[in-house]
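Let's take a walk through a protein together, one step at a time. Have the sequence and the 3D view open as you read.

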Amino acid sequence: MKRRDLIKYLSVAPVVGAVGAGIPFLSANAAVSTVAKRDLIKELGLRTFINAAGTYTTHTASLMHEDVVAAINDSSTHFIMIGDIQDKVGEKIAAICHAEAAMVTSGCWSALVLGTAGVLTGTDLKKIAQLPNLQGFEKTQMIVQKSHNVHYVHAPTNTGIEVVEVETAEELEKAINPKTAMMWFLNLATNDGQIKHEEWLAIAKKHKIPTMIDIAADIPPVTNLWKFNELGFDLVCVSGGKAIRGPQSAGILMGRADLIKAARLNAPPFGNNIGRGMKVNKEEILGMYAALDHYVKLDHDKEWKDWEARVAVIESAVKTVGGVTTTVTVPPIANHNPLLNIAWDTAKVKISSDDLALALRNGNPSVEIMKFSPNSINITVFMLKPGEDKIVAKRVQEELKKVS
Ligand SMILES: *Cc1c(COP(=O)(O)O)cnc(C)c1O
């Protein structure tokens, strides 16, 4: 059959899908390959860069592994009920992370919002429709340590929940009252707060209050994926697009099955809820699962050694410039990976970190780093592609040499 005749035939055929499926130019894959020929980055004049800064939202965080992109591409040519995907992927994620249940959310941020919504509403559709107005709700408060009350708290408060601050365990016991709906813990702030995980959980359990923890950027170590579920947090929220390298807009909410069920009712595909705008498409849900599955199977010791080797390459190159000193640290909780600080004596190396950052950005290839102080920058290597460490080393060395 000629193409023209076939199209004519298909326009009246009742089973277009079945006929079209075997014909390359009519299958949905044809559309994908046509688009792939266009170089949109070039067409739109967008700047790409080597990411020596880290998993910053501004920098589009991380690059998805090819397993993730394959999951996205493969699922993009099929319809699947969104609820079915959440069910299956939720089961798989829960098993990997030793949780009772899980769901994919649009980032850790909406995991925080939807989890809190679930705690407040349960499966009561009237309550779900009423959020963020908590009038008539018995439980309306969330207890947070003062040092944990930083801007991420804005996420749970989207539900209308009121934040009650405490500093000591004694204050916590006193703050618990019939209006207490939840106790929220920011893992990043663990070392700043007086009450640590175990004590926080023990007090919550004693009073039967649900607990939530934000561990958004706290993978690696990989063990953090299950550590807080095993410790007994009722809800655990993590970013998918940071070190796990899932879709940037994906995250995971995991924990108690009844709370995940309630959280899902506060999210799409259901409407008349505060989560309706926090949609995650089938490609992202499957991509998140593919990323997590890939991530847990990595050789994490080997990865760590690779990161250290990259740091060493950059360190030894920049130290050849007089007046330059380097320090390697590992942030204890969030973004836990080797961080290289490059500092210089401005009497010998006459450049500000602003100007160095600009020179690296405007160079070829463009390189993004983080300014740390007027005379030092930070370099994070875990988002570099293989070989980029050498380019970063060369570019930073060149710019520092120019002005020394
Ligand atoms: C990144 C981050 C978030 C937000 O996570 P997204 O996945 O970007 O939505 C929330 N809390 C903390 C502590 C974070 O670092």
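In which helix does Ser75 lie? Ser75 belongs to helix 5, which covers residues 66-75. Helices here are DSSP runs of H or I with at least four residues, strands are runs of E with at least two, and both are numbered from the N terminus. Before going further, please keep in mind that this is a predicted model, where local features need pLDDT of at least 70, side-chain atom pairs count only at pLDDT 80 or more, and totals for chains, interfaces and linings use all residues. Residues are numbered from 1 along each chain as its sequence is written, and side-chain values use heavy atoms, with hydrogens and water left out.

Is Ser75 buried or exposed? With a relative accessible area of 5%, Ser75 is buried. That word means under 20% relative accessible area, while exposed means over 50% and partly exposed lies in between, using a 1.4 Å probe and the protein chains only. The side chain of Ser75 also reaches the backbone oxygen of Ile72, at 3.2 Å. This is a polar contact, a pair of N or O atoms within 3.5 Å; within protein, one must be able to donate a hydrogen and the other to accept it, and residues adjacent in sequence count only if both atoms are side-chain atoms.

Now step back to the whole protein. It has 17 helices and 13 strands, and its C-alpha trace spans about 80 × 70 × 35 Å along the principal axes. Of the 404 residues, 49% are buried.

Next, look for the ligand. Which residues are around the ligand? They are Gly107, Cys108, Trp109, Tyr152, Leu186, Asp214, Ala216, Ala217, Ser239 and Lys242, where being near means that a heavy atom of the residue lies within 4 Å. Six of the residues in this shell are nonpolar, two are polar and two are charged. For this grouping, Ala, Val, Leu, Ile, Met, Phe, Trp, Tyr, Cys and Pro count as nonpolar, Asp, Glu, Lys and Arg as charged, and the others, Gly among them, as polar. Helix 7 (residues 107-121) gives the most to the shell, with three residues.

An oxygen atom of the ligand lies 2.8 Å from a backbone N or O atom of Cys108. The side chain of Asp214 has an N or O atom 2.7 Å from a nitrogen atom of the ligand, and the side chain of Lys242 has one 2.9 Å from an oxygen atom of the ligand. Taken alone, the ligand exposes 380 Å², and the protein buries 83% of that; such areas come from the Shrake-Rupley method with a 1.4 Å probe, and for residues only the protein chains shown count as cover.

Thr60 is partly exposed at 47% relative accessible area, whereas Ala61 is buried at 4%. Elsewhere, the peptide bond from Leu131 to Pro132 is cis, with omega near 5°, and the one from Asn364 to Pro365 is cis, with omega near 0°.
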